[in-house]
Amino acid sequence: MARKAPREEPGEDALEVGEPKRWAAGLPAVTHALRMGYEQMGARRTALTLLKVNQQDGFDCPGCAWPEGEHRSRAEFCENGAKAVAEEATVRRVTPEFFAAHPVDELARRSDYWLGQQGRLTEPMYKAADSEHYVPVGWEEAFTIAARELNALRSPDEAAFYTSGRTSNEAAYLYQLLVRKFGTNNLPDCSNMCHESSGSALTETIGVGKGSVRLDDLYCADLIFVVGQNPGTNHPRMLSALEKAKRRGARIVAVNPLPEAGLQRFKNPQNARGIAGGGTPLTDRFLQIRLGGDLALFQALSRLLVEAEDAAPGTVLDHDFITAHTDGFQDYAAHLREIDWADITEATGLAREAIEATAREVAAARSVVVCWAMGLTQHKHSVPTIREVVNFLLLRGNLGRPGAGVCPVRGHSNVQGDRTMGIHEKPDPEFLAALGREFGFDPPRHHGCDAVEAIRAMAAGEVKVFFAMGGNFVSAAPDTAATERALRSCRLTVQVSTKLNRSHAVCGREALILPTLGRTERDRGPGGERRFVTVEDSMGIVHASHGTLPPASPHLLAEPVIVCRLAQSLFGTGSRRTGGRRTDGRGGGADGPVPWAGFEADYDAVRDSIARVVPGFDGFNTRVRQPGGFTLPHAPRDERRFPTRTGKANFTVNTLEVLRVPPGRLLLQTLRSHDQYNTTIYGLDDRYRGIHRGRRVVFAHPEDLAERGITDGDLVDLVSEWTDGLDRRADAFRAVAYDTARGCCAAYFPEANALVPLGSVADTSNTPTSKSIVVRLERRGRTSHEPGKVSRGSPSGG
C-alpha cells in the first residue's frame with residue numbers, strides 16, 4: 001500500500017550535511033527507486049509500471065530526453081526516471097474535498113515539495129474572481145469559460161500560451177495550430193528558459209538548431225567533453241553511454257565548477273561490476289572552471305590548436321574541411337591571436353598548464369564530441385560561448401563525421417519535439433507557409449512573446465489570459481516575486497496539469513485547472529481502441545509512447561482532446577470560428593477549416609497532417625510504427641551540408657568578456673538536487689552532495705566563506721545585486737563548505753529563482769542568466785551544531 005501524502009511541511013531544522021559522494025548509481029540507486037515506487041504506487045503497481053518504461057510496447061519516460069539506443073534492457077530506466085514515473089503513477093489523489101479544505105492563499109504558502117506530494121488531480125476545477133477556493137466544474141463549462149475570456153480580448157496578442165517539454169508531438173502540433181488560428185505567436189515555452197541559447201547559436205553557425213550527435217558517435221569518439229552538465233542527476237542513463245564509450249577507448253574531459261559524483265565514477269546498477277564492484281572511473285581530466293569561463297576556455301583551446309598548426313603546418317587543423325565547408329576562418333584565427341592569456345586565466349580560474357595539456361589531448365584525438373547542458377546556456381554570453389564550441393570543433397573537422405559533433409543534452413522529454421512541431425514565438429516562415437496551405441488560412445507572422453517577455457507583458461497588463469499546457473511556470477520562471485505579481489494580474493489563468501503545483505495557487509483573478517492524462521496512462525479512442533502519441537528525443541529520434549495504466553480518474557482528458565475541444569468552443573461548434581473576437585489586421589483568425597472533431601477522434605489524422613507540414617515526417621504513421629521509430633534528417637550530420645546564410649558552417653568572432661564581481665560578492669548558479677526533476681521535488685535529499693532532509697543550502701568554497709566571516713553551518717540570507725538597484729532576497733540558507741570553484745557558489749532552484757533578475761538575460765536568446773548571479777551572503781547568526789542538525793558525518797546510502 002502506498003503511503004499517504006504528508007499533512008505538514010517538513011522542518012528545515014532537520015537538515016543534515018554529510019560528505020559528498022565520489023561515485024553515482026550502484027545498489028543505492030536501485031533501492032531508492034524502488035522505495036519511491038513503493039511509497040507512491042505500492043509494490044505490485046511499481047513492478048508492472050517500471051517494466052514498461054522506455055519499452056517498444058510501453059511509454060516514454062516522462063523525465064529526460066536521453067535516447068534509448070538500439071538494444072534496450074528490460075529495465076530501461078534510471079533512478080530519477082523511476083521517481084518521475086512514481087510521481088505520475090501515484091495512487092494519491094487530489095479531490096474536490098481537498099480544494100474545499102485548502103484555500104488558494106494557504107496553498108500559495110506551501111512548498112513545491114508539499115504540493116507535489118498530494119497526488120494526481122482528478123476533476124476540472126474553477127476559481128471564480130470573488131472566491132478563495134477552487135470548486136468542481138464540468139468540462140464543457142470549463143471550455144466555455146476559457147473561450148469566453150479569450151474571445152473577449154481586444155487582440156489575440158493579449159493571451160499567452162505556454163508549453164512544457166512533456167507535451168506530445170500530437171498535442172503540441174494541435175496547440176500551436178489553435179494559437180495561430182486564434183491569431184497570435186505568443187507561444188513561450190520551457191526552451192526559452194533552458195536551451196534557447198543552444199538553438200540560437202547552432203542555427204547561426206551550422207544551420208540546424210539541434211545537436212548533430214547520435215549514440216553511436218559517442219561510442220566511437222576519441223575524446224568527449226562534458227561541459228556544464230551533471231548527468232548523474234539530470235540524465236543518469238547518459239552515464240551508461242559514457243561507460244560504453246570509455247570501454248571502447250574514449251577519454252572524457254569534465255568541465256564544471258563542482259565535482260559531480262556521476263562523472264567521477266559510475267557503478268552501473270545493471271551489471272555485476274556496478275553492484276558489487278568498483279564501477280567505472282569516467283573522467284580522465286577535470287577542469288574546475290569558474291562560472292561563465294567556458295567561452296574563454298574554448299577560445300584558449302582553439303588558440304593553442306592554431307599555434308600548433310603554425311608551428312607544424314598541415315599537422316593539426318583540417319584545412320580541407322575548413323576550405324570546403326566553412327566561412328570566416330581567417331578572421332577567427334586573427335582574433336584568436338589577439339587574446340590576452342591573463343584574461344583567459346582570470347575568466348576560467350584554471351592554470352595555463354591544465355589548458356595546454358587539454359589542448360594536446362584534443363590535437364591527438366581523431367574525433368571529438370562536446371556535450372553540454374544548462375551550465376553553458378544560462379549566462380549573458382551563452383550564445384557566444386556555444387558559437388565558440390562550434391568554432392573549436394570546426395578547426396579539426398569535427399562535424400559531419402562519425403564520433404564527432406555537437407551534443408546539447410535537452411533536459412525534458414519532448415522539449416525538442418515541441419519546438420519541431422512549431423512551438424516557437426519566432427516561427428520559421430516556411431513552416432507558417434506550409435501550415436497556412438494545410439488549413440487554408442494566413443498564420444500571423446509577427447513575433448510573439450517568449451517566457452521573459454510574457455512575464456513583462458502580464459505585469460504591464462498587455463497579456464490578460466495565460467494558458468499553460470503542462471509545466472509549473474511560476475516555479476520555473478526567474479524573479480519569483482515579479483513572476484507571481486504578473487500571474488496574479490491576469491484576468492484568467494489556465495493550467496493543464498497532471499499534479500498539483502505552485503502555478504495553481506499563484507493564479508489570475510479567475511483560474512481553471514484542467515486535469516490531463518499522464519504518459520503512463522491508457523488513452524482510449526471513441527471506439528475504445530488504445531491510442532499512442534509520439535515524442536522526439538534529444539538526438540532527433542521520433543518514437544511512439546503507449547500508456548499502460550488505467551487513468552487516475554474517469555474525468556481526465558488527453559492533451560490532444562483538450563486542445564480540440566477548446567478549439568471547438570473558441571471557434572464555434574463547427575470547423576469555423578463564429579465568435580465576436582476582434583482582429584488587428586495582422587493575419588490569423590479562423591477562416592480556414594480545421595477538422596478539430598476528426599483530430600480528436602483519430603490521432604493518425606493528426607500525424608498525417610504533420611507529415612504534410614513538418615519536414616522530415618513523410619510517412620509518419622508508417623515509420624513511427626516501426627520498432628524504435630525513425631531519425632529525423634540533420635543536414636550537417638548526414639550530408640556535411642550547412643543550411644546557413646553563407647551555405648557553409650560559420651566561424652564567428654566572439655569577444656572575450658571576463659565576469660568581474662565586486663569585492664565580497666560571489667557568482668551564484670542555480671542547480672537541481674538529486675531528488676528533483678526540473679521543478680518537481682521528489683524528496684529532500686541530495687545524497688551525491690551529502691545533503692539530507694532539507695533544500696535551503698548554499699554551497700561555497702570554504703575559503704570564500706572564511707573571508708566573509710561565515711562558518712560552515714551558519715544561516716545566511718542570499719541577496720542578489722543587479723543594475724536596477726533592487727535587492728532580491730532568499731532568506732535562511734545553510735552555508736555548506738564545498739569543493740566548488742573559488743568565487744562561485746550554488747543553490748537549488750526553484751528556491752533560488754527569486755534571485756534571478758527578470759532583466760538579466762542572455763544576449764540573442766533572452767534566456768534568464770540563472771548560472772551567473774552576483775550575490776552577497778548576509779550572515780544571520782551562528783547555528784547550533786548539535787548532533788542531528790549539521791554534521792560532517794557520512795549518512796548511509798550511495
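1. A residue is called buried here when its relative accessible area is under 20%. The model is a predicted one, and in it F161 is buried, as is F467.

2. These two residues also form a ring pair, with centres 6.1 Å apart and planes at 35 degrees. Planes under 30 degrees apart would count as stacked and those over 60 as edge-to-face, so the pair of F161 and F467 is tilted. The pair joins distant parts of the chain, since F161 belongs to strand β7 (residues 159–163) and F467 to strand β16 (residues 465–469), 306 residues apart.

3. For the model as a whole, the count comes to 24 aromatic pairs. Ring pairs also link F98, F99, W114 and Y134, which together form a cluster.

4. Turning to the helices, the axes of α15 (residues 294–311) and α21 (residues 382–394) come within 9 Å and cross at roughly 20 degrees. Because angles under 35 degrees count as roughly parallel, α15 is described as roughly parallel to α21. The crossing of α15 and α21 is left-handed.

5. Which residues of α15 and α21 make the contact? On the α15 side they are D294, L295, F298, Q299, L301, S302 and L305, and these meet P384, T385, E388, V389, N391 and F392 of α21. Sorted by class, the contact of α15 with α21 has seven nonpolar, four polar and two charged residues.

How values were computed
Residues numbered from 1 in each chain as written. Predicted model: local features only at pLDDT ≥ 70, side-chain atom pairs only at ≥ 80, totals over all residues. Heavy atoms only, no water. Axes fitted to C-alpha atoms, helices over the stretch in contact; angles between N-to-C directions. Helix = DSSP H or I, 4+ residues; strand = E, 2+ residues; numbered from the N terminus. Parallel < 35°, antiparallel > 145°, perpendicular 65-115°, else oblique. Left-handed = near helix turned anticlockwise from the far one by under 90°. Contact = heavy atoms within 4.5 Å. Nonpolar A, V, L, I, M, F, W, Y, C, P; charged D, E, K, R; others polar. Phe/Tyr/Trp six-rings, centres within 6.5 Å; stacked < 30°, edge-to-face > 60°. Buried < 20%, exposed > 50% of the residue type's maximum accessible area, 1.4 Å probe, protein only.
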